[in-house]
Amino acid sequence: MDDLRQKYIGAIADAADEPALEELRLQAVGKKGEVSLMMRELGKMTPDERQEMGPKLNALKDEINSALAAKKAALADAALNERLRAEWLDVTLPGRPRRQGTIHPVSQVTDEITAIFADMGFSVAEGPQIESDWFNFDALNIPPEHPARQEHDTFFMSRAEGDDRPPHVLRTHTSPVQIRAMQETGAPIRVIAPGRVYRCDYDQTHTPMFHQVEGLAIGRDISMANLKWVLEEFCRAFFEVEGVELRFRASHFPFTEPSAEVDIRCSWAGGSLKIGEGDDWLEILGSGMVHPKVLKAGGIDPDQWQGFAFGMGIDRLAMLKYGIPDLRAFFDSDLRWLRHYGFSALDVPTLQGGLSV
Ligand code: PHE
């Protein structure tokens, strides 16, 4: 038994890898291993011999098993260390421009829009997506019984049992940011407010969450003419087409007076959309002169100040500019779609660098 102990404990200590260790395990304590075979001999011994040999053999078997386990752990540690050494990575090296992730078209278009309006002196304002009904409706001249409240397919937040205050809503448009920005800055003011908005609607051109950008410009004598110039300038820069033509159609919004919806000249010839040519018109935004009541709600004196506001759908602009047919796919997080329609993270849109290169 001492020979066996010496032989195996030594061999286990010297084992080079896990397969060698497993081989030793089989040789020593496997079913047909040397120690196991000796244990089988116990049956042929006298009771006295067995009394003496049994515990010794068991102790030997335990000793070999623990040596095996200890060596196995040591080998695993060594293997891990070797792997850590081999896979060592210099994280201070510059990254390789591999196009794995891409910038989502909504982010790209938001950046494009921001770059264009920043160039015209607009800064970016923000507001919460969970909004009080006062900011989303009342302050915008949409009182509780106004039919526009129904048209908005509003998502309401719930209140605690017994709390009778009107519920908060998921903002149905970015127009509440007009009020917040006016309250914060006062007049004069020139801001855009891009962000998420929510309406309970779902088909090829509607998703329950989508994106709008609001524009607001208040000054002493800002007029419809300024609105028209700003929007034409924007469309020319955004669609990167010189001959953009817009059509202003009289419309109605509670928060603007007068109000206009704006269409852009386009052609669907050959099944593909071309901006700036053809005989079709495509609605792209709502706009108008800010209603005096809205100025008041924003803390601005309507006898001193006036200006325009507009709101347009960012996702819709992205679909038009980049020929993306189905709005729902924007929010599926399908990597194949993102690789196809996404933008390189290194191409930050700027006016001087080209918006969409
Ligand atoms: N808030 C309007 C909408 O969601 C758009 C709009 C904004 C119209 C500002 C006029 C002025 O449809």
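Trainee: What does a polar side-chain atom of His-173 lie 3.0 Å from?
Mentor: A nitrogen atom of the ligand. That is a polar contact, meaning a pair of N or O atoms within 3.5 Å. Keep in mind that this is a predicted model: local features need pLDDT of at least 70, side-chain atom pairs count only at pLDDT 80 or more, and totals for chains, interfaces and linings use all residues. Residues are numbered from 1 along each chain as its sequence is written, and side-chain values use heavy atoms, with hydrogens and water left out.

Trainee: And Ser-175, what is 2.9 Å from its polar side-chain atom?
Mentor: Again a nitrogen atom of the ligand. Gln-212 has a polar side-chain atom 3.0 Å from an oxygen atom of the ligand.

Trainee: How much of the ligand's accessible area does the protein cover?
Mentor: It covers 90% of the 330 Å² that the ligand has on its own. Those areas come from the Shrake-Rupley method with a 1.4 Å probe.

Trainee: Which residues around the ligand come nearest?
Mentor: There are 14 around it, and the nearest are His-173, Ser-175, Arg-199, Gln-212 and Glu-214. A residue counts as near if one of its heavy atoms lies within 4 Å.

Trainee: Which strand gives the most to that shell?
Mentor: β10, with three residues. Strands β5 (209-219), β9 (280-290) and β10 (306-313) each supply at least two. Strands are DSSP runs of E, at least two residues; helices are runs of H or I, at least four; both are numbered from the N terminus.

Trainee: New topic. What does UniProt say about Glu-257?
Mentor: The unreviewed entry annotates Glu-257 as "binding site". Such annotations may be inferred rather than shown by experiment.

Trainee: Where is Glu-257 found?
Mentor: In strand β7, residues 256-267. Leaving aside neighbours within four places in sequence, Glu-257 is in contact (heavy atoms within 4.5 Å) with Met-289 and His-291.

Trainee: What kind of peptide bond joins Glu-257 and Pro-258?
Mentor: A cis one, with omega about -5°. Pro-258 also lies in β7. Another cis bond runs from Ala-187 to Pro-188, with omega near -5°. Pro-188 lies in the loop between α8 (176-185) and β4 (189-198).

Trainee: What about Glu-240, what is its phi near?
Mentor: Near 55°, a positive value in a residue other than glycine. Glu-240 is found in the loop between α9 (224-239) and β6 (246-253).

Trainee: Last one. Which domain does UniProt place at residues 116-349?
Mentor: The unreviewed entry gives "Aminoacyl-transfer RNA synthetases class-II family profile". Over those residues the chain is 26% helix and 29% strand. The end C-alpha atoms are 10 Å apart.

Technical notes: Polar contact = N/O pair within 3.5 Å; in protein donor to acceptor, adjacent residues only side chain to side chain.
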